[in-house]
Amino acid sequence: MLKLFGKAISVEGIQAHRMQVSLTTQSNLPVPLRQGKAYLVKDGTIPPGFDHYIVFETRLKDLPEGAACTVLDAEFLYLDDQDVISLGQDGHVRSLFRANSPHNSILLTEQCNNYCLMCSQPPKRVDDHWLLNEAMETIRRIPRETESLGITGGEPTLFGDNFIALLRHIKNWLPRISLHVLSNGRRFADAEFAEKYASVQHPDLMVGIPVYSADPARHDYVVQAHGAFDETIRGILNLKRLGQKVEIRVVLHKQTVSALPELAEFIARNLLFVDHVALMGLEMTGFTRANLDALWIDPAEYRQELSRSVRILRAYGLKTSVYNHPLCLVNRDVEPNYVKSISDWKNEFAQECAPCTRKSECGGFFSSGIQHGYSQSISPFQ
Amino acid sequence: MSKFQPITCYTNQTSQYELLPFRFEALGDDDVVVTNAVGEFSFLPRPKLEDLVAHRLPPSDPYYSRLRAKHFLRESGDQAALELLALKTRTKYANLRNFTNLHLFVVTLRCDHSCQYCQVSRQSEDKAAFDMTRETAEKGLDIVFRSPNQAIKIEFQGGEPLLNFDLIRYIVEKAEKRNQTESRNLQFVITTTLALATDEMLEFCRDHGIFLSSSLDGPEDLHNKNRPRPGRDSHARFVAGLQRARDIVGYDGVSALMTTSPSSLGRVKDIIDEYVKHGFDGIFLRHLSPYGFALKTKSYQAYNVERWLEFYKEGLDYILELNKQGIRFTEYYSSLLLTKMLTANDPGFVDLMNPSGAGIAAVVFNYDGDVYASDESRMLHEMGDSTFRLGNLAKNTYEEIFTADNLLTALEDSFTSSVPMCSDCAFEPWCGADPVFHHAMHGDAVGRKPESEFCKRMMGASKYLLNIMRTDQEAEEIFMQWVNRC
């Protein structure tokens with residue numbers, strides 16, 4: 001697991017409470033481009049003209065006159081050319097964008113109006129508008145040729161018009177980027193808000209919205225919010241009425257798997273026009289660990305329900321993907337829809353996987369699973 | 001961590017709920033099927049149904065969740081359920097606003113076959129008497145392009161339409177020319193035995209994207225018995241014609257239809273095997289219609305609907321067996337019903353539409369310029385009953401034809417959402433109105449439902465399909481594939 005957040009060994013030259021820094025490893029960068037960038041010292045050479053130098057483990061002695069220097073520990077050695085990080089005066093380091101990763105997402109807020117049993121990013125009731133402002137700045141620093149970006153929370157739409165403004169900002173600065181927003185969809189039940197969202201006319205924007213059950217009561221229970229199902233479904237209808245791309249995301253756990261085929265039928269019957277359905281394994285992090293007894297089920301135990309659900313969705317021509325499952329825990333008939341999906345920075349394999357012959361096809365585990373418990377049913381392909 | 005509430009906090013606290021419109025029908029002694037207006041259904045033990053309607057089904061009951069998810073009941077605050085029901089209703093009826101798609105041109109009544117169950121064909125060399133003229137065809141095309149429908153299908157019927165291929169050629173070329181400015185999605189179909197198909201004709205079909213709808217009644221002996229022609233070689237000609245049609249027009253350019261004659265009844269597997277053998281991916285186990293010679297020669301009465309249902313069930317079982325062995329093969333009558341059961345779409349099949357498709361989804365131009373509400377309507381006319389003759393191309397305008405009183409009255413009278421015994425039938429969402437059939441059999445567009453062979457057939461097949469889905473998950477998934485094949 002990559003360390004995306006941490007504390008610097010030492011920081012200097014941070015003018016504000018926190019600031020964003022674009023990194024480069026190009027020692028021959030034309031001088032006009034050196035301003036405002038931090039040079040990542042990995043091979044000992046120290047080209048002049050940068051405001052800021054990032055070094056690892058020990059401070060360099062002969063820095064150019066007036067340059068600032070931040071010392072990070074070796075766990076941040078993955079940082080590379082064109083990455084964006086945030087440095088705080090208090091030494092907090094956060095990786096905001098990694099140019100060579102296909103899994104970049106911006107955490108827009110930690111506030112949420114759902115309180116999902118398995119939330120991997122437990123919500124906080126704090127005003128965190130600074131995250132939105134930070135995102136506006138990060139967007140300006142992201143390389144223009146970047147292919148994809150995610151927006152997550154919390155619930156990004158809670159920022160209302162400011163969320164719409166962010167989407168416009170992204171469209172202006174990164175018009176070719178494929179943008180994916182994670183939202184509970186409830187805000188879109190407000191037709192006026194959905195229309196504002198659609199009016200951004202982003203050419204490649206998809207919103208991923210969770211639906212956990214065909215039974216409203218069960219969905220509301222999983223997200224711990226009365227009336228959430230109704231708003232979410234009406235939100236999806238509004239978005240599709242406006243021609244927006246919508247993905248339905250279902251996290252599979254003890255509360256959702258037994259009626260998964262019924263949910264698949266519900267989607268096929270009522271929401272056939274959605275663009276993608278993602279059936280996702282549970283991540284052992286955040287609230288999941290607090291609710292483990294209510295949530296944990298070995299994927300081996302729901303293989304049949306998963307297979308039937310995939311077959312139903314497939315029969316109706318719904319584009320379907322199965323995410324976050326070790327390959328040996330799904331039936332063969334699921335494989336056409338199987339996707340290696342776990343973000344690179346938190347993806348690992350178990351010890352048992354060492355002899356497996358199909359490891360290269362397998363999505364493996366969340367690092368949190370390796371750390372906090374995973375299926376005992378895995379069996380390496382021989 | 002008591003921040004989290006148990007599921008009981010999210011289920012209905014008051015136990016009050018509202019029933020959404022539904023109907024039900026007993027399946028055997030203990031169970032019922034409930035259906036809603038958009039064709040969704042659920043199986044219930046009878047006591048659960050009684051609890052449901054008495055408003056005493058507890059929210060903790062698994063049937064409660066299922067019925068709420070399928071929009072049979074709603075709690076106060078459930079707005080999405082109503083929006084989804086409205087959306088599915090709009091989808092189901094979306095085709096109505098497009099109006100007429102299918103236009104049948106009977107280019108000749110002459111035929112080289114003399115099938116006993118055929119309604120209309122003539123063994124005659126007299127072209128003048130039984131062929132459509134170019135003038136009539138032109139007037140037909142005027143009507144075709146008056147249709148507001150973006151998708152237009154022109155189907156050539158007979159007799160054997162290939163006997164008047166010059167006119168087909170003429171109509172296709174004229175229609176294509178007009179379509180240069182009309183820009184409709186224009187399709188052509190020829191209904192033919194293929195017995196007289198020359199390479200030249202097939203090349204014309206290839207060049208103009210004309211689809212061929214052919215006939216295959218079963219193995220050689222059965223087919224030739226059903227479809228006599230000079231030389232007793234109908235089957236051999238079909239097989240040769242099929243091969244050439246696939247070579248020239250393309251594999252997907254030719255399909256086949258069967259008709260169930262009395263001799264077919266004991267041989268459903270042979271018939272299906274014949275379709276499989278010739279590489280078709282489905283069959284329509286089609287019952288005989290009570291018109292024309294079929295009625296005259298008593299071949300219609302040679303079997304009743306109960307006997308046909310036996311034939312159908314045996315065939316369907318066999319087809320499911322084939323599918324389970326990995327052979328993708330569809331039974332199309334089932335598929336029509338299943339599409340309404342398992343999807344929000346209406347397949348738009350003229351004989352199973354509500355309001356009836358007769359005269360609005362499809363219209364027939366007879367060789368002599370008479371316009372009929374359906375193929376059956378012209379057969380009825382051949383038997384001396386002109387109720388569903390809507391006018392004549394030489395005499396009547398588009399407006400006169402499509403607002404003909406006898407058509408509008410029949411459509412309105414037979415509208416299943418209001419017809420007695422249809423409006424409270426659990427299978428109504430999957431059914432359609434057939435005013436022409438009921439008029440032919442009972443003398444009015446509504447008919448007497450308890451005696452109706454149409455009802456018995458549809459209800460019998462529906463119940464059989466429901467029972468399969470209730471007991472055989474694999475078969476249900478096969479059905480889901482059928483209804484989504486396109």
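1. The side chains of Arg241(A) and Glu83(B) form a salt bridge, with 3.7 Å from N to O. The cut-off for such a pair is 4 Å. The rule finds 4 salt bridges across the interface of chain A and chain B. This is a predicted model.

2. Polar contacts between chain A and chain B come to 16 residue pairs, with both residues at pLDDT 80 or more. On the side of chain A that touches chain B, the elements giving two or more residues are helix 5 (216-223), helix 6 (228-241), helix 7 (260-270), helix 8 (287-290) and helix 10 (303-315) of chain A. Sorted by class, that side of chain A has 18 nonpolar, 4 polar and 10 charged residues.

3. Chain A brings 32 residues to the contact and chain B brings 37 residues. About 3,000 Å² is buried between chain A and chain B, and carbon and sulfur atoms give 56% of that area. Of the area that chain A buries against chain B, 24% is supplied by Arg269(A), Arg308(A) and Tyr316(A), more than by any other three residues.

4. Chain A holds an open sheet of 7 strands in the order 8-9-10-11-12-13-14, paired in parallel. Strand 8 (105-107) and strand 14 (320-323) of chain A are the edge strands, each pairing on one side only. From one strand to the next, the twist averages 20°.

5. Within the sheet of chain A, strand 12 (residues 245-251) and strand 13 (residues 276-280) pair in the parallel sense over 5 bridges. Ile248(A) has Val277(A), in strand 13 of chain A, as its bridge partner. Helix 3 (residues 161-173) of chain A packs on the sheet and touches strand 9 (148-152), strand 10 (178-182) and strand 11 (205-210) of chain A. The direction of helix 3 of chain A makes about 165° with that of strand 10 of chain A.

6. In chain B, 3 strands form an open sheet in the order 2-3-4, with antiparallel pairing. Strand 2 (22-27) and strand 4 (41-45) of chain B each have a single partner strand, so one side of each lacks a neighbour in the sheet. Neighbouring strands here are turned against each other by 25° on average, direction ignored.

7. Strand 3 (residues 31-36) and strand 4 of chain B pair over 5 bridges in the antiparallel sense. Val32(B) has Leu44(B), in strand 4 of chain B, as its bridge partner.

8. Helix 2 (residues 62-69) of chain B lies across strand 3 and strand 4 of chain B, at about 160° to strand 4. Helix 18 (residues 453-471) of chain B lies across strand 2, strand 3 and strand 4 of chain B, at about 80° to strand 2.

How values were computed: Residues numbered from 1 in each chain as written. Chains lettered and ligands numbered in written order. Predicted model: local features only at pLDDT ≥ 70, side-chain atom pairs only at ≥ 80, totals over all residues. Heavy atoms only, no water. Contact = heavy atoms within 4.5 Å. Buried area = accessible area lost by both parts, 1.4 Å probe. Polar contact = N/O pair within 3.5 Å; in protein donor to acceptor, adjacent residues only side chain to side chain. Helix = DSSP H or I, 4+ residues; strand = E, 2+ residues; numbered from the N terminus. Nonpolar A, V, L, I, M, F, W, Y, C, P; charged D, E, K, R; others polar. Pairing = 2+ DSSP bridges. Axes fitted to C-alpha atoms, helices over the stretch in contact; angles between N-to-C directions.
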